[in-house]
Amino acid sequence: MKRFDIFPAALALAAAADLSACQEGPGYDPMLLTPDSLTETAPDVFHARFETTKGDFVVEVRREWSPNGADRFYNLVANGYYDGTRFFRVIAGFMAQFGIHGDTAVDAAWRGQRIADDPVAQSNTRGFASFAKGGPDTRTTQIFINYGDNSRLDGMGFSPFGRVVEGMEVVDALYSGYGDSALSGGRGPTQPKIQRQGNSYLEKDFPKLDFVRGATLVAR
């Protein structure tokens with residue numbers, strides 16, 4: 001089910017009442033455990049608003065730039081995947097990376113859900129967003145937003161699917177004090193440990209990390 005940030009107050013109150021009457025469940029949409037079912041084709045152009053601990057920013061996605069990437073991003077946002085995810089790798093002047101789910105069961109469900117690479121149609125310059133990857137056809141859920149001119153990444157196959165059109169100052173303000181991963185010479189968290197322990201690890205050892213409070217598709 002697609003989630004939009006326009007939700008009538010009456011429906012919101014009814015939903016809250018229904019939830020309070022039910023046994024508490026996981027803090028995510030159970031659909032996230034079945035990624036094979038979340039494969040809708042994205043609109044040609046759409047927008048996603050990210051509410052973070054530093055404020056809001058909006059990403060405009062154009063499917064023609066990176067069709068496979070746009071489709072994956074659309075389904076992740078529409079089903080609440082990014083809610084609660086930490087900006088775990090923020091390197092000043094380079095980029096801000098996020099997209100490992102804070103619940104280990106959800107992360108495990110998506111870790112092998114790779115999408116094929118797209119030709120690079122846009123450049124990794126300031127404000128553009130691309131999926132992270134570790135080789136050909138390995139994109140899953142992690143994305144990064146470029147802080148500066150990182151066009152050297154274009155030749156490595158990182159294909160931007162969208163760009164920040166509102167709130168880039170919020171992205172600039174994300175906490176970067178930990179730097180890169182400890183495995184790469186910084187003081188930041190390591191991805192294997194995030195995948196094993198989820199947000200409990202990040203909350204305990206890296207409490208200053210900013211995070212996504214909620215991400216929704218928005219009409220503009």
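**Close-up views of a predicted model**

**View 1. The second largest pocket and its lining.** In this predicted model, the second largest pocket has a volume of about 280 Å³. Its lining is made up of 15 residues, of which Thr138, Thr140, Gln142, Gln191 and Gln195 are the closest to the centre of the pocket. Two elements, helix H3 (104-111) and helix H5 (191-197), each give two or more residues to this lining, and the largest share, 3 residues, comes from H3. By residue class, the lining of the second largest pocket divides into 8 polar, 4 charged and 3 nonpolar residues.

**View 2. The loop that carries Asp137.** Asp137 is found in the loop that runs between strand E5 (128-131) and strand E6 (143-146). The phi angle of Asp137 is near 55°, which is a positive value in a residue other than glycine. With a relative accessible area of 39%, Asp137 is partly exposed.

**View 3. The pairing of strands E1 and E8.** Strand E1 (residues 45-52) and strand E8 run antiparallel and are joined by 6 bridges. Within this pairing, Ala48 has Leu217 of E8 as its bridge partner. Of the 7 residues of strand E8 (residues 212-218), 6 are buried, so the strand is largely enclosed by the rest of the structure.

**View 4. Lys54 in the loop between E1 and E2.** Lys54 lies in the loop that connects E1 with E2, and this residue is partly exposed, with a relative accessible area of 41%. Leaving aside neighbours within four places in sequence, Lys54 is in contact with Val170, Ala173, Leu174, Tyr175 and Asp210. The C-alpha atoms of Lys54 and Val212 are separated by 9.1 Å, although the two residues are 158 residues apart along the chain.

**View 5. Glu64 in the loop between E2 and H2.** Glu64 lies in the loop between strand E2 (55-62) and H2. The relative accessible area of Glu64 is 63%, which means that this residue counts as exposed, the cut-off for that class being over 50%. Between the C-alpha atoms of Glu64 and Phe161 the separation is 8.2 Å, whereas along the chain these residues are 97 residues apart.

**View 6. The whole protein, as context for the close-ups.** The protein has 6 helices and 8 strands, and from the N terminus on its elements run in the order α-β-β-α-β-β-α-β-β-β-α-α-α-β. Of its 220 residues, 49% count as buried. Among the contacts in the protein with a separation of 6 or more, 70% are accounted for by residues 24 or more positions apart.

Key
Residues are numbered from 1 along each chain as its sequence is written. This is a predicted model: local features need pLDDT of at least 70, side-chain atom pairs count only at pLDDT 80 or more; totals for chains, interfaces and linings use all residues. Side-chain values use heavy atoms; hydrogens and water are left out. On a 1 Å grid over the protein atoms alone, a cavity is a set of points where a 1.4 Å probe fits but cannot get out, and a pocket is an open set with protein on both sides within 12 Å along at least five of seven lines; lining residues have an atom within 4 Å of a point. Grid points are joined across faces, edges and corners, and a volume is the space filled by probe spheres set on the points. Helices (H or I, at least four residues) and strands (E, at least two) are DSSP runs, numbered from the N terminus. Ala, Val, Leu, Ile, Met, Phe, Trp, Tyr, Cys and Pro count as nonpolar, Asp, Glu, Lys and Arg as charged, and the others, Gly among them, as polar. Buried means under 20% relative accessible area, exposed over 50%, partly exposed in between (1.4 Å probe, protein chains only). Two strands pair if DSSP finds at least two bridges between them. Contact means heavy atoms within 4.5 Å.
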